[in-house]
Amino acid sequence: MKQTTQPAAYTATQNACKLCTPLGASLVFKGIENAVPLLHGSQGCSTYIRRYLISHFKEPADIACSNFAEETAIFGGGANLKIALENIRLQYAPEMVGIATTCLSETIGDDVPMFIREYREMCRDQEIPPLVHVSTPSYQGTHMEGFHGAVKATVETLATGEKAEVPGINLFPGMLSPADLRHLKEILADFDSPFMLLPDYSQTLDGALWTEYQRIPPGGTPVAEIRQAGGARASIEFGRVLASQKESAGRFLEKRFGVVNHGVGIPIGITETDRFFEALETITGRPTPDKYLEERGRLADSYVDGHKYVIEARAGVYGEEDLVVGLVAFLSEIGVIPALCATGGNSRRFRDRIAEIIPDHERKGVTIMDNADFVEIEAAAEKIRPDFFIGHSKGYTLARRLDIPLIRVGFPVHDRIGGARILHIGYRGAQSLFDRIANTLIEKRQDTSSWGYTYM
Amino acid sequence: MAKAEKDQEMEKEKIKLEGMDPEKLKEEMLSKYPTKVARKRAKGIVVNRVEGENVPQIQSNVRTVPGLIGQRGCCYAGCKGVVLGPTRDIVNITHGPIGCGFYSWLTRRNQTDASTTPDGHNFMPYCFSTDMQDEEIIFGGEKKLKQAIQEAYDIFHPKAIAVFATCPVGLIGDDIHSVCREMKKKLGINVFGFSCEGYKGVSQSAGHHIANNEIFKHVIGTNDEVDEGEYKVNLLGEYNIGGDAFEIERLFDKCGLHLVSTFSGNSSYDKFAKAHTADLNMIMCHRSINYVAEMMETKYGIPWIKVNFIGAEATAKSLRKIARYFDDPKLMERVEAVIAEEMPVVEQARDEIRPRTEGKRAMMFVGGSRAHHYQELFNELGMTTLSAGYEFAHRDDYEGRKVLPEIKVDADSRNIEELKVEPDEKRFRPRKTPEQLAKLTAENLLADYEGMMPQMKDGSMVIDDITQYEADWLIETFQPDIFCAGIKEKYAVQKHGIPMKQLHSYDYGGPYAGFTGAINFYKEIDRMVHSRIWRYIKAPWQTNPELAATYAWD
């Protein structure tokens, strides 16, 4: 569904705007308490993915691997997976092992569920932690499919229908920053409701210094809470694109255990955050705490004050489908025209979600691109000439070439510190984004003015 | 001496030895592993003991145990990422799903100066992938690969295009080499492929070998044009991280050496093509590139020497070694003059810093040469290397090339092609007379690398393919003053409250090669081990000092 504004449709991908599926799955498993992610395949995959996550979060990220050799690729990876599981179990005593496949084991057709059964059989006298398996060949989808797939696989494997004493709320936030996850926990706590946030890497991938050696960093969603996900009061799942797909963790729980699922967009900006708070009010029967109403008020006030700087500015937005949709919702409400909305994802639902938010996108001349790479994005951006880009650090090259400022959000942010601390969601996240955008535009105007005003 | 005093002395001696027996420490470290794993790991963990020319045998270049979290990458990473990554004017196409190409997209901080080639081509900031999808896995990806090569050609008109295979490619049976031959014929430029599927070999090392083979087959020797200039040399295994190559090039210029080509820091395709016209090959990273040097010696008659430009003393020694090879008083004089001019500033910096770093202890686990080379710099600062090891080296990198005849080729290495090389009828040209060669060989100058272990102290721990658990254990046990490895280890080490220096990417610093680089490194280490930031961290042994162990020679 490529847009006609693109240059010649290339077969090859140049400077990709997406990452591979097992990265998303690994990130989810890093967000479960005392879990160890295990990639079934070549050790290169775990090394590359670790390196990418570590460079962004600036935290240790151990991901084990079943270390295929050439003969494993010929005879199958069953033996390697069992040895890997055994070594992980003895070294780390994990409460869960999350197994994601790689292109290698997928291409040779390894039957991982069978290997897991065989391993359980082999260790039937011992206590084996839950083993969650998700199929993540990189030739299907992007890191987001890997992410959502791992969340769903975890819930499917662990949720039993068992109920907590006080049933809580399941929250599936999608791929957000540790700062976002912390903010979500604060909000849920303020609604005074128990909750299960999956995944929660807010501490495992953004933790304090250690006073003693940690085999697995503290934090993460407790396995026991995931087991009770089927007995929750309701689920909330972020992402309009995800909500339009057939399968998700929230939908599974709804179908299997009758837990009502609320699909809302990633709460970026006032409108989408309002929807999230409405869902919380509906589920808990409590009003939104004053603290958030005040934040909302201050945010709206700043929208008014800063309006003159941002109105009709044109933005180039790129990244994961749902993040772009969330950012577009926010940009639209502050008067910025998201002139270029691009994603490397290819769910075929992206365009319609953008259209939902900007019904008059054609009149406004908004270019929507999915399955796009940075060469295509750059070609489009050259014509559109947005006033700023908003996206991850891989867009730096094009922003530099076109001499357009880049506001860094999402993942990865490899060329700045604090990627883990970027707050995108809630009224507070919108406040921070709004200030950054307005100041970027002011700065540009100030720098290019012949006068050098100190009063803007 | 009074008896009581003597007893006390004995007692102290005993405690010291007991607390520091490295063999016992090794045992303790391994005790947390399952028996089978411990047995395997024990062979790769060796307490060093230098007796004459001999050091203990260390197991290396064997598979990592599944489930142990290690440092190693894959064959593709060694081939595309390490050896071919820094080549600016070859369009590198990753044939495979998107991850592999994305993760190797200019992440090694290789620098290059494209203004030194007339066309100014630089494709390094560019990442080209066939982004294989389901249908290619099922029906084959050759068609898409051809199209990608055509597109790369149409967009850039490069001199050469290289194709790198990832895991699925070998499994589904895509013949990248026949596609490359076809496209080479069609486009009239050099197009060649690397069968560097990630599952080959046991580490990046296999990829280095494959990269060497294909560059040797397809590029070296394709341009017989001979450069002007005296003392023509190639520098092999230097990847220009943080601008190292620029500093080395500066020194070569000053000494009057003519650099024909570098594999592959700040390199260009045309220079590779005429590398066979040089008169000497110099190897920096022995592990990643010795294959090409040996093949060039057989085919073209170019001898090779091992050099090291990490450390000021090592740099001076290497420059002198080059001069000895050319055996020309003019060059010798010039080299001495350069050293005499450069050294005073280095010495001044070192003498200023050394009192603060003297006696501090380092550990380094990196690469196939770096863990050796960087010990030079730490020695110059008066620091001791307690423990070191490589990520993907072979026994000869640890124990020296003298062990090459006894290394058994296992199944994993046998799968990597060994090219059969014959002297080139037209291009083979002996650079030295048999007498000269005999003399240089007698001086241990030619084709020799003594390895890392002979230069390390007795009792130091040499650990191959270290695991995360072992690294953590070492840190807890020894509390080194600095720990060197890569980004994957960085934050775990810092969580322990120990300064951590990345020796792959240099932590955004550098250059550290040559004389200027040495000064940069001294300053960097001084800053790191004395940063006040560590005051904010209380490490366990600061409240519990008896946890600390030291080595006998401390």
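I started with Ser264(B), which I found in strand S7 (residues 258–264) of chain B. I took helices (H or I, at least four residues) and strands (E, at least two) as DSSP runs, numbered from the N terminus. A cis peptide bond joins Phe263(B) to Ser264(B), with omega at about 0°.

A note on ground rules: this is a predicted model, and local features need pLDDT of at least 70, side-chain atom pairs count only at pLDDT 80 or more, while totals for chains, interfaces and linings use all residues. Residues are numbered from 1 along each chain as its sequence is written, chains are lettered from A and ligands numbered from 1 in the order in which they are written, and side-chain values use heavy atoms, with hydrogens and water left out.

**Backbone in chain A**

I then looked up Pro412(A), which sits in the loop between strand S14 (406–408) and H18 of chain A. The peptide bond leading from Phe411(A) into Pro412(A) is cis, and its omega is near -5°. Asn34(A) went into the notebook too: its phi is near 55°, a positive value in a residue other than glycine. I placed Asn34(A) in the loop between helix H1 (21–30) and strand S2 (35–40) of chain A.

**Helix pairs in chain A**

For helix pairs I used axes, which are lines fitted to C-alpha atoms, for helices over the stretch in contact, with angles from 0 to 180 degrees between N-to-C directions. How do H13 and H18 of chain A cross? The axes of H13 (residues 290–310) and H18 (residues 426–448) in chain A come within 9 Å and cross at roughly 15°. That makes H13(A) roughly parallel to H18(A); the classes are under 35 degrees for roughly parallel, over 145 for roughly antiparallel, 65 to 115 for roughly perpendicular, and oblique for the rest. The residues where H13(A) meets H18(A) divide into twelve nonpolar, three polar and seven charged. Here Ala, Val, Leu, Ile, Met, Phe, Trp, Tyr, Cys and Pro count as nonpolar, Asp, Glu, Lys and Arg as charged, and the others, Gly among them, as polar.

Next came H14 (residues 321–333) and H15 (residues 350–357) of chain A, whose axes come within 10 Å and cross at roughly 15°. That makes H14(A) roughly parallel to H15(A). Contact means heavy atoms within 4.5 Å, and the residues making it include Val324(A) and Val328(A) of H14(A) and Phe350(A) and Ile354(A) of H15(A). I sorted the residues of this contact into seven nonpolar, one polar and two charged.

**A helix pair in chain B**

Tyr374(B), Leu377(B), Phe378(B) and Glu380(B) of H16(B) meet Ala518(B), Phe521(B), Tyr522(B) and Ile525(B) of H22(B). By class I have seven nonpolar, no polar and one charged residues there.

**Between the chains**

How many residues does each chain bring to the contact? Chain A gives 61 residues and chain B gives 66 residues. I noted about 5,800 Å² buried between chain A and chain B, with carbon and sulfur atoms giving 61% of it. Buried area is the accessible area (1.4 Å probe) that two parts lose on being put together, summed over both. I also noted three salt bridges between chain A and chain B, each a side-chain nitrogen of Lys or Arg within 4 Å of a carboxyl oxygen of Asp or Glu. Glu71(A) forms a salt bridge with Arg63(B), and the closest N and O atoms are 3.6 Å apart.
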